[in-house]
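Here are my notes on the model.

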Amino acid sequence: MRSFSRMLVALIGLIACAACSNSSTSIQQITSIPPEALTALPTASPLPNTDVVEAATSAPVETLAGMAALAAASRQTLTVDAPTPLPLNTQLPPGDARVIAAATDTAMQPTARSIVAFDESVVPITFDEFYDGYNLRAGLIMSDKLVSLDGRAVTMEGYMAPPLKAELDYFVLTRIRLSFCPFCTTGADWPDDIALVYLTGDATGATEHPIRVTGRLEVGTSVDQETGMVSLVRIYADQMELLS
Amino acid sequence: MAATLGFNADGELTGVDIGGLAQFGILAGALPTKSQSVIWRGVMLPEAGDYTVEVTAAGTTREAVWTAREPMAGTARNVILFIADGMTVPMITAARIASRGIVQGTLNDNFYMDGAEAIGLAHTSSVDSLMADSANTLSSVNTGHIGSVNSTGSYSDTSPNRLDDPRTETFAEIIQRTRGMSVGVVTTSDWSDATPAAVWAHGRDRGDANRAAYVVQALDAGIDVIMGGGARRMLPNTAEGSRRSDDRDMFAEFEGAGYTIVTTATELDAAMGELPEQLLGVFTPSDLNVWLDRNVYTDNLGDFTDQPGLVDMTVAALDILNQNENGFYLEVEAASVDKQMHPLDQERALSDLIEFDFAVGAALEWAAENAPDTLIIVTADHGHGYEVYGTVDVERFNAATDDAGRIAAIGIYNGAGYPTYTDEDGDGFPNWEASRVFAGTVNNHPAYSEDFQVSPIPRAPSITNESGANIDNPDDDPNGLPMNANVPGGSGVHTLQDVPVFAFGPGAENIMGIYHQRDIFFHMAAGIGLNPAAEDGMISVAAPETAAAGFDPSLLAIVGAGLAGGFVIGRARRK
């Protein structure tokens, strides 16, 4: 099922980094969540849980435009069995990259060796809990906790990497503050322990302070249709909270 | 001899006079860009000498001279090229003192590289810039041609494809083709990184996508021994953490080609019991960890606690390569001298420089026992602006409550005294946690703070803030002296200086002098008496379009870059 062409992350470095030359953008997406409310949050994503593999009701989508149109029109689960069109860096309407990313998750079915049960409706997870290790001949080994949380509501803390441009649908959540702007530097390399955070709104702000993100977790390789950014772990965020 | 090309204001070719460059074949057409590309194939350069190409475009004339050199006699059979990435004389001075100790002005011992039979100085530069990077500098050393920043084994052109630029044949390719010699690379970086890749790779961009291609090129080129990090560029894109854009499992492909594959130091030891003909050792997903983390701050290793060091990798590579009676060429790189100078981490960089010198020592000992007919060259690709200017009283520095107090803890001139690094276990690596340490800094840096003391975790002196600006990382050296930024970006950068060149063994005498680092290519060729004209019809630097597929008779390519003028891409062959 993994028929996606992987666009290498550093290619993004070839794109001019708008955020690096502009001064600052306001934070539009931040809401404050009282800690007691976190445990009561439902899995509030407006999107369907795309990890439910349905019978292919729609024909395989061959083009990015087609995917975007379908995404915009139906907001339904897509079954995608076509290579990701390249090159990326197209201009999608705000929010569509998120919809497409959610749709492509249908192709990814990571399997936990041992399913972990969770008591919380919103499960806290940290970057240290993502991977059990790295098999040099096979790649990263995703932890049972990470895989078991696929499709579940989670909350996690980290830092926002400097965004590629202010109006992107997503930002990159990192374990530590980065010492470089991977989007700005050709050849710079993202660490492995990152999560792409897709926002529900149509704008992201930026902050150098730690943040807490709450939303639905999705696990498995996906290529952002707007930038080519490859991710293994995504959060479709409902809430973002500034911690400082 | 000269060739002249003319272009009009639209970039169209208007006139060609190739004069002494007799016998040309095909003129190939334009690229889908503003500029024009003219490629001659089948050109023969009849003899050694200077070849000049003039390109005129819209009234502007640019000239390039390409020199085919006479071969020299030499008696070495093997060549080992040691590269400490970013190494400079001030770093050697500091590492030597920290490693060997100094009493009343007298060193307790020397470095192995100090015993060189000849020493030279090499300029570094690029076609397109005053400054240089590891790709084009090591390409100069490996091909004899100066290239553009980020390019290797090629002359950068303007075509969209970053892998199809006109190629220059590498030293490794020439000796494989003419003598059937073996080739190896050992590095502490991702093995597809610029310095090792310069041995075999061709492309104008050292970035991610090309690196995945360089892995394939290494397999096609039949590089016999490869050791370093970089598993993620070998995994198919179906594997989590892969950095490939295709689904090729390069581990499987190398294995299928007959390589013995190892992923830990223990496996490397075991594999050496019965020497393999070809070996691929990949020990980490990206770069190897530095000596200081492999041996002292081992919490930083994560899952990869069984990595070999540079000494062990070097000796293993030599034993494997020496099975070929035709000889071998091995490039050994200490990558993290550079990779740790970028984040201004003097202890990690200098420790890897000490390890590098031990690898040089091991190779000298190995050559004395196994192959005295081995030319060993030790140099750097480019510099970094690191220097020691005194010492720091650590207790006083840390007790200071303001910057004036911190500055007062820095001893200069006779106030510096000596650092108090110790080496209780006698392994040649100092205990960097000392009461008086080097006041050593890199002269170009982002905004950051410096406390001169070893960091238990690899440094990140600067972070990127919400607007993309690089600011002091509050978690790095929080009690340090604040430094204002004097470079863009978040790290120190390469600096302009001649780098030292040390040589041992037959052919070492050629190293004496001051020259561009591309001459090291000719020094290596002279060391083994390479005479491609006699051996395989070559005058000098031949550049088949596809080295692995045998020699391509394409000989001279000239690219006129529109109004910017032109430059020559030369290749020569004498039948």
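1. Chain A, element order. This is a predicted model. From the N terminus, the elements of chain A run α-α-α-α-β-β-β-α-β-β-β-β-β. That comes to five helices and eight strands.

2. Chain A, burial and contacts. Chain A has 244 residues, and 46% of them are buried. Take the contacts in chain A with a separation of 6 or more: 78% of them join residues 24 or more positions apart.

3. Confidence. The model scores are ipTM 0.79 and pTM 0.81. For chain B the mean pLDDT is 86, with 85% of the residues at 70 or more. Two stretches of chain B need care. Residues 19-34 of chain B have pLDDT below 50, yet the model gives this stretch 37 contacts beyond near neighbours in sequence. Residues 537-575 of chain B are also below 50, and there the count of such contacts is 125. Where pLDDT is low, the predicted coordinates should not be read in detail.

4. The ten-strand sheet. Chain B has an open sheet of ten strands with mixed pairing, in the order 12-13-11-10-14-6-15-25-9-26. Which strands stand at the edges? They are strand 12 (260-262) and strand 26 (513-516) of chain B; each has a single partner strand, so one side of each lacks a neighbour in the sheet. Neighbouring strands in this sheet are turned by 15° against each other on average, direction ignored.

5. Within chain B, strand 11 (residues 225-229) and strand 13 (residues 279-282) pair in the parallel sense, over four bridges. Met227(B) has Gly281(B) in strand 13 of chain B as its bridge partner. Helix 9 (residues 310-321) of chain B lies across both of these strands, and also across strand 10 (182-190) and strand 14 (328-334) of chain B. Against strand 10 of chain B, helix 9 of chain B runs at about 165°.

6. The three-strand sheet. Strands 18-17-19 of chain B, in that order, form an open sheet with antiparallel pairing. Its edge strands are strand 18 (410-411) and strand 19 (436-442) of chain B, each pairing on one side only. Strand 17 (residues 386-393) of chain B pairs with strand 18 of chain B over two bridges. Val392(B) stands opposite Ile410(B) of strand 18 of chain B. Helix 1 (residues 89-100) of chain B packs on this sheet and touches strand 17 and strand 19 of chain B. The direction of helix 1 makes about 35° with that of strand 17 of chain B.

7. Helix 1 against helix 11. What angle do the axes of helix 1 and helix 11 of chain B make where they cross? The crossing is at roughly 80°, and the axes come within 9 Å. Angles of 65 to 115 degrees count as roughly perpendicular, so helix 1 of chain B is roughly perpendicular to helix 11 of chain B. Helix 1 of chain B contributes Met91(B), Ile92(B), Ala94(B), Ala95(B), Ala98(B) and Ser99(B) to the contact. From helix 11 (residues 346-370) of chain B come Ala349(B), Leu350(B), Leu353(B) and Ile354(B). By class, this contact has nine nonpolar residues, one polar and no charged.

8. Helix 3. Helix 3 (residues 171-179) of chain B has these buried residues: Phe171(B), Ala172(B), Glu173(B), Ile174(B), Ile175(B) and Gln176(B).

Technical notes. Residues are numbered from 1 along each chain as its sequence is written. Chains are lettered from A and ligands numbered from 1 in the order in which they are written. This is a predicted model: local features need pLDDT of at least 70, side-chain atom pairs count only at pLDDT 80 or more; totals for chains, interfaces and linings use all residues. Two strands pair if DSSP finds at least two bridges between them. Two residues are in contact if their C-beta atoms, placed from the backbone, lie within 7 Å. Axes are lines fitted to C-alpha atoms, for helices over the stretch in contact, and angles run from 0 to 180 degrees between N-to-C directions. pLDDT is the predictor's confidence in each residue, from 0 to 100. A residue is buried if 20 or more other C-beta atoms lie within 10 Å of its own, exposed if 12 or fewer, and partly exposed in between; C-beta atoms are placed from the backbone. Angles under 35 degrees count as roughly parallel, over 145 as roughly antiparallel, 65 to 115 as roughly perpendicular and the rest as oblique. Ala, Val, Leu, Ile, Met, Phe, Trp, Tyr, Cys and Pro count as nonpolar, Asp, Glu, Lys and Arg as charged, and the others, Gly among them, as polar.
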